[in-house]
Amino acid sequence: MRNPFKYGGIVTGDDFANRTGEIREITRDLSDSEKLFMISPRRLGKTSLIVNILERLEESGTHTIYIDLYKATSLNRLLELYSRKIALTLENRLEKAISLVREIIPGLRPKITIDGKGEATLGIEYINTRRDVIRMLNQVYDLPQKLAEKKNKNFVIAFDEFQEILNFNGESIEKGMRSAFQHHDRVGYLFAGSKKHLIGDMVYNSNRPFYKIGRVINLEKIPEEEFRVFLGDKFRVTGFEIESGLVDNILEVTENYPYNAQFLCHELWDMKFEEKKIALSEIEIAMDSILNEETPFFARIWEGLPLHQRNVLQAIAVCGGEKVFSKEYISENGIGPVSTLQTSVKLLIKKEILDRKEDVLFINDVFFKEWIRKKTL
Ligand SMILES: Nc1ncnc2c1ncn2[C@@H]1O[C@H](COP(=O)(O)OP(=O)(O)OP(=O)(O)O)[C@@H](O)[C@H]1O
Ligand SMILES: [Mg+2]
């Protein structure tokens, strides 16, 4: 029997706790060819949600394209990725997809290339000048709309980790996209990302091309009630007997973060696989074992931080993230002067170790927070 709890990768099907409200709304808006931004802290379930939404749209007869911008490490790679996805959506046989690209994007030279998994896929011959790549990209942006009109079948394109577009320096990319996308009435766009400060600036700053291009969705945690039932059922259907309140406790220590809750359940399930019985007291044992497993990873982050930033994290791990800039908090934790504290907080947010909701600061990964408490103090 396999462990029913999945953590780390994309979850779909039975492994995905439904998020029914979000799915319904976002699917509807994308079917209406709207443009949406989706922002959330790391590991809250953006990618899984996107993939589930695209599956639905595909089933209801829409062409869908998923582009992970972490894979676009250069403009040439972005062009390659974009054209590959469009061509392979229409034509899943490689040879045919290659002729299709030749036909619909004159000037682009497609070829067979080997992808990261060692499989043959569609590649594009390297283009030397930035200007020429941008020119080709501008043509590619318009393709989904043209194809949708021609085939009478809408497109939905999801960009994951959209903030990575900023690595290509220069507004010309953003501008090119904006001026193409705004005319597309048969293509829905979803721009998702976790770097709130970067994405936020793209949509809320009136000087930026993406200003007010569409609605912004701040993805929240999975509604606790839904997630509780989901996790409890996974134990039950695999024949586990769990002490009453176990799942509540798990959600409490993991603060209802889906990744952490699934990780902890996974650990407990493995730990008690023979007995198939879990008591409340075993949560702590499982937590300890996770923190030990994760130590090499957390220690590397920790060792890379200057002392002041470590002190700030220790303070927040122990005293919480409210009123961090107040005199009392600063003197109690010895993390002054305030200007240094401001710099440290800013840098920790930039590194995505800290996050801010309203005026409260919090450590993004609850396991890291626990690790700081247990192993550095
Ligand atoms: N709807 C869900 N149901 C069950 N588990 C989920 C759900 N969403 C997320 N998870 C859990 O969280 C993990 C991370 O999900 P996912 O990769 O989709 O998040 P993400 O926000 O895209 O993360 P990242 O910021 O690292 O890209 C999953 O492996 C799974 O354990
Ligand atoms: Mg993701």
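Let me begin with a definition: two residues are in contact if their C-beta atoms, placed from the backbone, lie within 7 Å. The structure I am presenting today is a predicted model.

I shall start with the overall layout. The protein is divided into three domains: domain 1 spans 18–218, domain 2 spans 224–296, and domain 3 spans 305–375. Between the C-alpha centres of domain 2 and domain 3 the distance is 28 Å. Nine residues from domain 2 and six residues from domain 3 make up the contact between these two domains. On the domain 2 side, helix 11, residues 282–303, gives the largest share, namely five residues.

Next, I turn to helix 14 in detail. Helix 14 covers residues 338–350, and its 13 residues reach 18 Å from the first C-alpha to the last, close to the 18 Å expected at 1.5 Å a residue. Which residues of helix 14 are buried? They are Leu341, Ser344, Val345 and Leu348. Seen down the axis, these buried residues of helix 14 fall within an arc of 100 degrees, so they line one face of the helix. The general principle is that an α-helix has 3.6 residues a turn, so residues three or four places apart point the same way. On the other side of helix 14, the exposed residues are Ser339, Gln342, Lys346 and Lys350. As for what covers the buried residues, the elements include helix 12 (307–319), helix 13 (327–333), strand 10 (354–357) and strand 11 (360–363).

Just after helix 14 comes Glu352, with a positive phi of about 65 degrees. Glu352 sits in the loop between helix 14 and strand 10. Is Glu352 buried, exposed or partly exposed? Glu352 has 15 C-beta neighbours inside 10 Å, and therefore counts as partly exposed. Leaving aside residues up to four places away in sequence, Glu352 touches Arg42, Lys195 and Asn364. Its C-alpha atom is separated by 8.3 Å from that of Pro41, although Glu352 and Pro41 are 311 residues apart along the chain.

I now move to helix 8, residues 224–237. The buried residues in helix 8 are Phe227, Leu231, Lys234 and Phe235. Around the axis these cover an arc of only 100 degrees, which puts them on the same side of helix 8. The face turned away from that buried side carries the exposed residues Glu225, Arg236 and Val237. Among the elements covering the buried residues of helix 8 are strand 8 (241–242), helix 9 (246–253) and helix 10 (258–271). Helix 8 is followed by Gly239, which has a positive phi near 80 degrees.

Finally, I come to ligand 1. Which residues around ligand 1 come nearest? Of the 22 residues around the ligand, they are Ala17, Gly45, Thr47, Ser48 and Pro258. At least two residues of the shell are supplied by each of helix 2 (46–59) and helix 10. Domain 1 and domain 2 each provide at least three residues of this shell. In composition, the shell around ligand 1 holds nine nonpolar, eight polar and five charged residues.

That concludes the presentation, and I thank you for your attention.

Definitions and conventions:
Residues numbered from 1 in each chain as written. Chains lettered and ligands numbered in written order. Predicted model: local features only at pLDDT ≥ 70, side-chain atom pairs only at ≥ 80, totals over all residues. Domains from an automatic or database assignment. Helix = DSSP H or I, 4+ residues; strand = E, 2+ residues; numbered from the N terminus. Buried ≥ 20, exposed ≤ 12 C-beta atoms within 10 Å, placed from the backbone. Arc of directions from axis to C-beta. Near = placed C-beta within 6 Å. Nonpolar A, V, L, I, M, F, W, Y, C, P; charged D, E, K, R; others polar. Expected span 1.5 Å × (residues − 1).
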